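Here are my notes on this one, written as numbered points. Have the viewer open while you go through them.

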Amino acid sequence: VLGARQELFDDPAVRPFAQPLACWSWYRGFDLASARRPRVFAGFHGRLVERGENLTNALHNLDDLEATRGALHAAVRAIVPEHQGFAFSAHDDGTVTLSLRRADGLVAAPDLDDGLTRALCALAAAMATEPPALLWFEPASLQVPEALGAPLAEALLARAAQAHVVLRDPPSWLQDALNTALRALPAGESLRVERVTAELGDRPAALTTEKFGSLTGLSPVP
């Protein structure tokens with residue numbers, strides 16, 4: 001929207017934000033059928049797309065990197081205590097399949113239950129190694145299990161150090177988990193956390209916030 005009109009794009013108050021915000025991600029639900037596809041073309045994706053179609057690729061990336069592997073498996077164990085890891089099987093046609101390794105064997109991606117699939121999508125989105133400038137989460141529509149609260153909160157706070165994270169109407173269990181994670185931040189580390197109330201309508205004063213500041217020193221409006 002910011003770049004749709006040239007005069008807006010050229011505005012010095014808008015231009016620094018137009019290109020980065022063109023790559024934002026809006027997570028308001030996942031396509032579970034696509035996320036559970038039996039085969040996808042092999043690859044490592046640093047971001048989960050909005051509907052979760054590249055879940056296998058995103059998990060493959062997180063599992064491959066030493067910096068994220070441990071946190072990913074610890075988060076999955078919060079939901080599936082018997083979780084032992086992931087198995088990625090390559091095929092001659094250039095595709096790969098995803099399976100969850102448990103003590104009692106492997107569970108292929110098409111056989112994962114809804115709650116676990118949603119949880120894996122949420123983790124892959126929040127733990128993105130190449131996050132966009134803006135991550136917009138609508139937790140209520142994601143329907144992730146409450147057991148994911150602590151690891152999801154930690155992942156979101158980690159991303160908030162690299163990107164602008166917006167949570168729309170987070171459930172109470174996620175708010176509690178976020179408050180706990182914020183208190184656990186090491187001394188000297190801090191994040192700017194604000195609560196914003198938006199009312200879309202025809203009234204002149206449609207937006208109210210607890211804190212508001214100008215986008216840049218050049219912006220004539222907040």
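This is a predicted model: local features need pLDDT of at least 70, side-chain atom pairs count only at pLDDT 80 or more; totals for chains, interfaces and linings use all residues.

The points below start with the overall picture and then turn to single elements and residues.

1. Of its 222 residues, 38% are buried. Take the contacts between residues at least 6 apart in sequence: 57% of these join residues at least 24 apart.

2. On confidence, the chain averages a pLDDT of 86, and 86% of the residues score at least 70. Among the elements, H4 has the highest mean pLDDT, at 97, whereas strand S9 (residues 207-209) has the lowest, at 53. Then look at residues 212-222: pLDDT stays under 50 there, and the model has 12 contacts beyond four places in sequence for this stretch. I'd read anything in that segment with the scores in mind.

3. H4 deserves a look of its own. The helix covers residues 55-64, and 9 of its 10 residues are buried. The buried set is Leu55, Thr56, Asn57, Ala58, Leu59, His60, Asn61, Leu62 and Asp63. What do they pack against? The partners of the buried H4 residues are helix H3 (32-35), strand S2 (40-41), helix H5 (66-77), strand S3 (83-90), strand S4 (95-102) and helix H6 (114-126). As background, an α-helix has 3.6 residues a turn, so residues three or four places apart point the same way.

4. Within H4, pick out His60. Is His60 buried or exposed? Its relative accessibility is 16%, and because the cut-off for buried is under 20%, His60 counts as buried. Leaving aside residues up to four places away in sequence, His60 touches Gly43, Phe44 and Phe88.

5. Leu65 is partly exposed, with a relative accessible area of 33%. Leu65 and Thr129 are 64 residues apart in sequence, yet their C-alpha atoms are 9.4 Å apart in space.

6. Next, the cavities. How many cavities of 30 Å³ or more are there? The count comes to 1, and the largest cavity has a volume of about 40 Å³. Its lining consists of Phe137, Pro139, Leu142, Val144, Leu152, Leu156, Leu167 and Leu174. By class that makes 8 nonpolar residues, with no polar and no charged ones. Helix H7 (139-142) and helix H8 (149-160) each supply at least two residues of this lining.

7. There are 6 aromatic pairs by the rule used. One of them is Trp24 with Trp136, an edge-to-face pair at 6.3 Å centre to centre with 85 degrees between the planes. This pair links distant parts of the chain: Trp24 sits in the loop between helix H2 (15-21) and strand S1 (25-27), Trp136 sits in strand S6 (residues 134-137), and the two are 112 residues apart. Trp24 is partly exposed, at 31% relative accessible area, and Trp136 is partly exposed too, at 26%.

8. Another pair is Tyr27 with Phe30, which is tilted: 6.3 Å centre to centre, 50 degrees between the planes. Both partners are covered: Tyr27 is buried with a relative accessible area of 1%, and Phe30 is buried with 11%. Back at the tryptophans, Trp24, Trp26 and Trp136 form one aromatic cluster.

9. Finally, two backbone points. Most residues other than glycine have a negative phi. Gln143, in the loop between H7 and H8, has a positive phi of about 55 degrees although it is not a glycine. Asp169 also has a positive phi, near 50 degrees, in a residue other than glycine. Asp169 lies in the loop between strand S7 (164-167) and helix H9 (172-183).

Note on methods
Residues are numbered from 1 along each chain as its sequence is written. Side-chain values use heavy atoms; hydrogens and water are left out. Helices (H or I, at least four residues) and strands (E, at least two) are DSSP runs, numbered from the N terminus. Buried means under 20% relative accessible area, exposed over 50%, partly exposed in between (1.4 Å probe, protein chains only). Contact means heavy atoms within 4.5 Å. On a 1 Å grid over the protein atoms alone, a cavity is a set of points where a 1.4 Å probe fits but cannot get out, and a pocket is an open set with protein on both sides within 12 Å along at least five of seven lines; lining residues have an atom within 4 Å of a point. Grid points are joined across faces, edges and corners, and a volume is the space filled by probe spheres set on the points. Ala, Val, Leu, Ile, Met, Phe, Trp, Tyr, Cys and Pro count as nonpolar, Asp, Glu, Lys and Arg as charged, and the others, Gly among them, as polar. pLDDT is the predictor's confidence in each residue, from 0 to 100. Rings of Phe, Tyr and Trp (its six-membered ring) pair if their centres lie within 6.5 Å; planes under 30 degrees apart count as stacked, over 60 as edge-to-face and the rest as tilted.
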